[in-house]
Amino acid sequence: MAFHSVFLVFLAGLALFSEAAPPDSADSKHPLFIKILDSVRGSPAPNVPVKLYKEAADGSWELLNLKQTNDNGELHELTTKEEFVTGIYKIELDTASYWKRQDLNPFHRHADVVFTANDAGYRHYSIAVLLSPFSYSTTAVVSEPME
C-alpha cells in the first residue's frame, strides 16, 4: 500500500511539469526534462549521473551528453532544441553509483529509457523516473508538435 501512495504522489508531481514549455521560456531551449525520485527516501534523487545517446545509422549509440541531476532530482540542460533532432534516443541513468552512495547494493547497474523523438514534429519531453534499489518505473509526458 505504501508503494501505491508513493506512486500516486509521483504521478501528482509529474502533473506539475506536464505542460510544454512556453515558446519564449528558458526551458523551451531544452526540450528534454528529466525528474528522478528515490522511492526509498521518498524524495528527489540528487547527483544521479545521466547519459544521453542517439542511435546512429549503423545501430550503435553515440554519446551526446553526460550530466547529473540537481538537488531536486531534475535535469533540464541535457540537450538543446537544435541538437534534439528526429531520431531514437537512449537515456542511461547510473543507478548503481547512486544507490552505493546510499550504502545500498542495487540489482540494476543502470536504468535505460529508449524512445523515438520528434518523428511527428518538434516536441518537448518530460521523463519521470521512480527508483528503488531493485526496480524502476518511468513515465513520460510529450507535448503536441510545435513549430
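**Lys54**

I looked up the contacts of Lys54 (heavy atoms within 4.5 Å) in this predicted model. Leaving aside neighbours within four places in sequence, Lys54 touches Ser60, Trp61, Glu62, Leu64, Val85, Thr86, Gly87, Ile88 and Tyr89. I located Lys54 in strand S3, residues 49-55; strands are DSSP runs (E, at least two residues) numbered from the N terminus.

Lys54 is buried but has no salt bridge, and the nearest side chain of opposite charge, Glu62, is 6.6 Å away. Buried means under 20% relative accessible area, with a 1.4 Å probe and protein chains only. A salt bridge requires a side-chain nitrogen of Lys or Arg within 4 Å of a carboxyl oxygen of Asp or Glu. For charge, Lys and Arg count as positive and Asp and Glu as negative, while His and the chain ends are not counted.

**Conventions**

I note that residues are numbered from 1 along each chain as its sequence is written, and that side-chain values use heavy atoms, without hydrogens and water. As the model is predicted, local features need pLDDT of at least 70 and side-chain atom pairs count only at pLDDT 80 or more, whereas totals for chains, interfaces and linings use all residues.

**Strands S6 and S7**

I found S6 and S7 paired in the antiparallel sense over seven bridges; pairing requires at least two DSSP bridges between two strands. Gly87 has Ala117 of S7 as its bridge partner.

**Aromatic pairs**

I counted ring pairs of Phe, Tyr and Trp (its six-membered ring), with centres within 6.5 Å; planes under 30 degrees apart are stacked, over 60 edge-to-face and the rest tilted. Phe84 lies in the loop between S5 (74-75) and S6 (87-93) and Tyr125 in S8 (residues 125-132), so the pair ties together parts 41 residues apart in sequence. Phe84 is buried at 2% relative accessibility, and Tyr125 is buried at 4%.

Tyr89 and Phe115 are stacked, at 6.1 Å and 25 degrees. Tyr89 lies in S6 and Phe115 in S7 (residues 111-117), so this pair links parts 26 residues apart in sequence. Tyr89 is buried at 0% and Phe115 at 12%. I recorded Phe84, Tyr89, Phe115 and Tyr125 as one aromatic cluster.

Note on methods. Helix = DSSP H or I, 4+ residues; strand = E, 2+ residues; numbered from the N terminus. Buried < 20%, exposed > 50% of the residue type's maximum accessible area, 1.4 Å probe, protein only.
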